[in-house]
Amino acid sequence: MIRVDEKGFYGKFGGAYIPEMLHPNIDELKENYEQIMASDEFQVEFRSLLKDFVGRPTPLYFASRLSEKYGVKIYLKREDLCHTGAHKVNNTVGQIIMAKKLGKKRIIAETGAGQHGVATATVCALMGMECTVYMGALDIQRQRPNVERMKILGAKVVPATSGSQTLKDATNEAMRQWINNPVDTHYIIGSVVGPHPYPEMVARFQSVISEEIKWQLKEKEGTENPDLVIACVGGGSNAAGAFFHYYNTPEVRLIAAEAAGLGISSGKSAATTALGTPGILHGSKTLLMQTEDGQVVEPHSISAGLDYPGIGPVHAHLFDTGRGEFVAVEDEDAMKAGIELSRLEGIIPAIETAHAIHALTMIEYKKDDIIVINLSGRGDKDLDTYIKWGGY
Amino acid sequence: MNRIDQLFEKKKDRVLSIYFTAGFPKLEDTLPIMEAIEEAGADIIEIGVPYSDPIADGPTIQDSNMIALNNGMSLKKLFEQLKDMRKTVSIPVVLMGYLNPIIQYGMENFCKKCQEIGVDGLILPDLPMQQYLDEYKAVFDQFELRNTFLISPQTSEKRIREIDEHSNGFIYMVSAHSITGARSGISDEQIAYFERVKAMQLKNPRLIGFGISDSQTFSTASTYSNGAIIGSAFIKTIKESKDLKVDIKTYISSVIQ
Ligand SMILES: Cc1ncc(COP(=O)(O)O)c(C=O)c1O
């Protein structure tokens, strides 16, 4: 069984390794989130915003030309059609309602690609809450349009200038600011990472993805269960959402595509399960890219959203138990896969998502298998990167 | 008897603990800085083990961590530097560090090594109480290491009582809800918190840290507790220092005057 236990662990991974200063905040959330999420009031508001604001259910689209090329049946779960352009908004809608129920007045968040930052700024505008987003200085440069979108939405964007100036440093900074503002502020974490109960709470908000896949596939194929589900993994929230209702259905293979950057052994990679060892990052025990001395290694990926040295504890557990299959996709291959999807299906994917597309070439499957690829986001935010790369 | 226990048995008031980052400003400064701290009249030395992702620290200590790591500091290196420290340092020594580098070293090896070289206590800010009790307390006890937990203005009375029960050595009172870094002065709100905790009559001595920087803040903190911890302000002093020994003496004298 893949399930979080009472102490917040998925097998060996998870927990809440946090400084005492964060204990009251985390405890408040832990004590309340399940009850709040289970309440009718919450569910009615959450479901109606997902429908009318986010645009759910997102289509499960049969990609006929891609299917023909690979000799299988490929369905794309169109999270790219969510309002704001990626799955991230499923989580921010859930968390902003949670924040309101907890009586919070201010929101802080970290962001890598800017997708989570935009999704957070969006729901803050919707609810009239003050919003500050921490973003690595390097990411601010490479994801300019998203920075401007956050500003247009009324959020303050604060550069994180320490370390590698990417997602991990933005997360450090958000945690520090939460320590500094414990009472009136809620921290909307953007993936299934961080101290318990965040990984579980975020996964549950994202689980709407596999909830929909089940009935949509049933309508189209007469079965709820595909043979494979493929998703890219940065922290792992879109993957957790796409896998959630299949965790305990062993006949459905779960494939996670990590970013290999310039190659697993190049020293410029973000392939956490390939390169990582157990350690503690951002409050949870997980697999982590680190030196022998336990210092966190600065990752590299062409996609800002996958440029993270850890993975959510549930994915560390899927890897550890063999329930999940992990592949590492290099920058160049991901870019080419992005072009392939654009040309075959008329969909320019986010570069994060393109990693999941390339995974098709790295795994074994049978002819006529049904494969669902979680199309986590669209490529608008990545035009600059596509243009600089230029291979189209 | 453990040096921390000894200290608090003799001295109940105006205990000064100085924090600095190992391997900063230069790699080989660790031991000379410790000697200078003792000579200048401080009571406890807290050595920070540098970490790439110090989430409870402000810019000053983040920066010293980065510099120390770039200098080549690691736990292995630190233990090497400190192997003969008890020849020249007699006051209590506490190691403060984030959990990950210690776990990679191996908790049991780490504790064993600490005892071997004469470390008296540990402060591991991201080791939660439950995990400590479940996994590590026995090892800490075996190697006679005192374990200090933090409390903050948001910590509930019930939890402070639990922390007091499971702490030994001393309790680290974080002065405000904030990360490390010097601020100006101590507010009425902070005083109210200091008084509230003082009135609880805990079994462990209390030191107040975060934002203590000079004789005034040190004295105020000492009024409500057994003393204080200075970190960022000391780091700033040694960062700019051309003569560590002299500047450390001058700074610490100015605080305890
Ligand atoms: C489109 C898209 N996909 C995937 C990710 C990776 O995050 P996660 O692994 O949490 O889904 C991001 C992160 O920014 C993203 O924007």
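Here is a short chat about a predicted model, covering its chain contacts, its core and a hairpin.

Colleague: How many residues of chain A are in contact with chain B?

Modeller: In this predicted model, 25 residues of chain A contact 29 residues of chain B. On the chain A side, the elements giving two or more residues are helix 8 (167-180) and strand 11 (277-281).

Colleague: OK, switching to the largest nonpolar core. Which residues touch the most other members?

Modeller: Out of 202 residues in that core, they are A:Val229, A:Ile230, A:Ala257, B:Ile37 and B:Tyr172. Within chain A, domain 1 (17-50 + 88-202) and domain 2 (55-85 + 207-389) both give residues to this core, so it lies between them.

Colleague: What does A:Ile230 touch, leaving out residues up to four places away in sequence?

Modeller: A:Ile230 touches A:Ile255, A:Ala257, A:Ala356, A:Ala359, A:Ile371, A:Ile373 and A:Asn374.

Colleague: Back to strand 11 of chain A. Does strand 12 pair with it in the parallel or antiparallel sense?

Modeller: Antiparallel, over five bridges, with strand 12 of chain A covering residues 284-288. One bridge partner pair is A:Gly279 with A:Thr286 in strand 12.

Colleague: How many residues sit between the strands in that hairpin?

Modeller: Two residues lie between strand 11 and strand 12 of chain A, and A:His282 takes a positive phi near 50° in this hairpin.

Notes. Residues numbered from 1 in each chain as written. Chains lettered and ligands numbered in written order. Predicted model: local features only at pLDDT ≥ 70, side-chain atom pairs only at ≥ 80, totals over all residues. Contact = placed C-beta atoms within 7 Å. Helix = DSSP H or I, 4+ residues; strand = E, 2+ residues; numbered from the N terminus. Core = buried A, V, L, I, M, F, W, Y, C linked by C-beta atoms within 7 Å. Buried ≥ 20, exposed ≤ 12 C-beta atoms within 10 Å, placed from the backbone. Domains from an automatic or database assignment. Pairing = 2+ DSSP bridges.
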